Amino acid sequence: MVKLVCPCGTGGYDRCCGLYHAGVPAPDAQTLMRSRYSAYVLKRTDYLLSTWHPDTRPDTLDLTDERWLGLEVRKYTISCANHASVEFIARYKTDGRAHRLHEISQFVFEKGQWLYLDGSFPNTSE
Ligand SMILES: [Zn+2]
């Protein structure tokens, strides 16, 4: 079997986000954020939806043909036991153009698992 490097950039896929995609709950919000980035790369729509808070989750998710180039976690903030945020920059290419997504994602811990709640977009001009 080919050893796949984890898209989130921190090692082998089967010991990193692959674990969470296979059903192990992510231990913290930052890990969940990374595993969701990897799910975007690998087009694991099922995983993205199952880790999305029911209040904000879309019914369906259409992943377009972005080619994800890399993830950089800027800041991980734990507000309390059940709330955390992760600021990150993800780079991707679509239609031959490079883009960057700068987002601060909010996560909540509910019923034994971390869930993505929503995201805000800070000034992206820097
Ligand atoms: Zn990973």
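Let us start with helix α2, where 13 of the 14 residues are buried, so this helix is largely enclosed by the rest of the structure. Here a residue is buried if 20 or more other C-beta atoms lie within 10 Å of its own, exposed if 12 or fewer, and partly exposed in between, with C-beta atoms placed from the backbone. Helices (H or I, at least four residues) and strands (E, at least two) are DSSP runs, numbered from the N terminus. You are looking at a predicted model, in which local features need pLDDT of at least 70, side-chain atom pairs count only at pLDDT 80 or more, and totals for chains, interfaces and linings use all residues. Residues are numbered from 1 along each chain as its sequence is written.

At 1.5 Å a residue, its 14 residues should span 20 Å, and the end C-alpha atoms are 20 Å apart, which agrees; the expected span is 1.5 Å times one less than the number of residues. As background, an α-helix has 3.6 residues a turn, so residues three or four places apart point the same way. Just after α2, lysine 43 takes a positive phi of about 55°, although lysine 43 is not a glycine. This lysine 43 belongs to the loop between α2 and α3 (45-50), and its 14 C-beta neighbours inside 10 Å make it partly exposed.

Now step back to the whole protein, which has three helices and four strands. From the N terminus on, they run α-α-α-β-β-β-β. The radius of gyration is 14 Å, close to the 14 Å that the globule rule gives for 126 residues, so the protein is as compact as a globular protein of that length. That radius is taken over C-alpha atoms, and the globule rule is 2.2 Å times the number of residues to the power 0.38. Along the principal axes, the C-alpha atoms fill a box of roughly 45 × 40 × 30 Å. Of the 126 residues, 29% count as buried.

The largest nonpolar core has 23 residues, and Ala29, Leu32, Tyr37 and Phe107 have the most contacts inside it. Such a core is a set of buried Ala, Val, Leu, Ile, Met, Phe, Trp, Tyr and Cys residues joined through C-beta atoms within 7 Å. At least two residues of this core come from each of α1 (17-21), α2 (29-42), β2 (83-94) and β4 (113-120). The largest share, seven residues, is supplied by α2. Leaving aside residues up to four places away in sequence, alanine 29 touches Ala84, Val86, Phe107 and Trp114; two residues are in contact if their C-beta atoms, placed from the backbone, lie within 7 Å.

Glutamine 113 lies in strand β4 and counts as exposed, with 12 C-beta neighbours inside 10 Å.

Finally, turn to the strands. Strand β1 (residues 67-80) and β2 pair in the antiparallel sense over 11 bridges, where pairing requires that DSSP finds at least two bridges between two strands. A hairpin joins β1 to β2 through two residues, and cysteine 80 stands opposite histidine 83 in β2. In the loop between β3 (97-110) and β4 you will find lysine 111. Its phi is near 50°, a positive value in a residue other than glycine, and lysine 111 is exposed, with 5 other C-beta atoms within 10 Å.
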